[in-house]
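Let us take a walk through a protein chain together. Keep the model open beside the text and look up each residue as we come to it.

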Amino acid sequence: MTTNMAGNKGKRILALAAVLCMIILTGCVYKTTGSDDFNTAVRNETDGQKAGFGLAAHFIDVGQGDSTLIEANGHFMLVDAGEKDQTDTVINYLKAQGVKKLDYVIGTHPHSDHIGGLEGVIREFDVTTVMLPEKEHTTRIYERMLDAIADKNIKVTIPKAGESYRLGDATFQIISPNQDYGDNLNNWSIGMRLVYGKTSFVLCGDAEKEAEQDMLLSGFPLKADVLKVSHHGSSTSSTPEFIKAVSPRYAVISCGKNNDYGHPHKETMDLFKKQGIKVLRTDQIGTIVIESDGTGLRFPGQDEQQENLTGETRENETDTHKDYIINTNTGKFHLPDCKLAKSIKEENRKLYTGTREELINQGLEPCKSCNP
């Protein structure tokens, strides 16, 4: 479904309305039925052609937000671009990877921590296709993104669940959204399953439990080697049923260090640990790059031992064990000599010996006074 976005606000509104009403099939769309037949055919077609690591997924560290660059055989796709203040971070990273043209730019949903940097990216690079969900928003950031799309005379595609697209020798199938989610912007997230040879990745923006349930009911293949964890590891997403269906070897969480939301939540981390899934976090190890040769995965610049470590383990290797005082009433932790710690009632006072990261993973919040 495509349309041109007009340059001024009035034309833009009319154009967006047209986008929501018209369906125009483009030449790059491949319909699928929910089975894995299409992806199997692509694997068979390309299995013998992977001389090296032809696909790379870059989970860019943009703090409390999302931005993922997918490179397949010299073709590029950007999924989200963090908050507006991360625009230069994303642009500079893309240039460092040799990006001059983006085949696809996808704004998974209208929240600013996902689309904030897209205006700058769209203005900076040649972009063939912009994909947005069928849900408009009224924020200035969203409108400025539409202005950039209109100024570059780019057509907007509203992908439908079940459609598949090609990126180099890789393909990706749209697996969400699957229905009208009203004002829940997170559930409107464009979700995809990316396949390269025998390897696969699932990325679903901030999709929450309702959207995950719809994906399970859709019949689309969900199994993947790598899951970009929805909603920054929030407990509003990542149901046990969905994680079991995806059954990833690696889970990538994009979140900000010491973020105000407590992401990733303890429930989510416990679920991954229980299922033996290795977790990699941008707040702990920065930008994460995973490469595929069509049969296996590697983490460039890391030896075999390092690549099997979770982000949590790596952080703990450099984070020494210390004594902390936990206020069980407020859920905050302090250094032992903190003035606030000394005023905690005895029944709410708990001594903990371990690492700062362990406490954060348990959902506890560091004191802003002593900054433990």
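A residue is called buried when its relative accessible area is under 20%, exposed when it is over 50%, and partly exposed in between, using a 1.4 Å probe and counting protein chains only. By that rule, 57% of the 372 residues of the chain count as buried. What you are looking at is a predicted model, in which local features need pLDDT of at least 70 and side-chain atom pairs count only at pLDDT 80 or more, while totals for chains, interfaces and linings use all residues. Residues are numbered from 1 along each chain as its sequence is written, and side-chain values use heavy atoms, with hydrogens and water left out.

Now for the overall plan. The chain has 14 helices and 21 strands; these are DSSP runs numbered from the N terminus, with helices (H or I) of at least four residues and strands (E) of at least two. Contacts are another way to see the fold, where contact means heavy atoms within 4.5 Å. Among contacts between residues at least 6 apart in sequence, 68% join residues at least 24 apart.

Let us stop at one strand, β10, which covers residues 170–176. Is it enclosed or open? Seven of its seven residues are buried, so β10 is largely enclosed by the rest of the structure. Strands pair if DSSP finds at least two bridges between them. Strand β9 (residues 163–167) pairs with β10 in the antiparallel sense over four bridges, and S164 stands opposite Q173 in β10. These two strands make a hairpin with two residues between them, and G168 in the turn has a positive phi of about 60°. β10 also pairs with strand β11 (residues 191–196), again antiparallel, over five bridges. There, S176 has G191 in β11 as its bridge partner.

In the loop between β10 and β11 you will find N187. With a relative accessible area of 1%, N187 is buried. Which residues does N187 touch? Leaving aside its neighbours within four places in sequence, N187 is in contact with P177, Y181, A207, E208, E210 and A211. Take E208: it is 21 residues from N187 in sequence, yet their C-alpha atoms are 5.7 Å apart in space. The side chain of N187 also reaches the backbone nitrogen of E208 at 2.9 Å.

Next, look for rings. Rings of Phe, Tyr and Trp (its six-membered ring) pair if their centres lie within 6.5 Å; planes under 30 degrees apart count as stacked, over 60 as edge-to-face and the rest as tilted. Searching the whole structure turns up six aromatic pairs. Y181 and W188 have ring centres 6.2 Å apart and planes at 85°, so this pair is edge-to-face. Y181 is buried at 7% relative accessible area, and W188 is buried at 7%. Y324 and F333 also form an edge-to-face pair, with 5.6 Å from centre to centre and 90° between the planes. Y324 counts as buried at 1%, and F333 is buried at 0%. Elsewhere, ring pairs link Y104, Y165 and F172 into a cluster.

One last ring is worth a look. A charge sits over a ring if NZ of Lys or CZ of Arg is within 6 Å of the ring centre and within 35 degrees of the ring normal. R298 lies over the face of F53, at 4.0 Å from the ring centre.

Definitions and conventions: A polar contact is a pair of N or O atoms within 3.5 Å; within protein, one must be able to donate a hydrogen and the other to accept it, and residues adjacent in sequence count only if both atoms are side-chain atoms.
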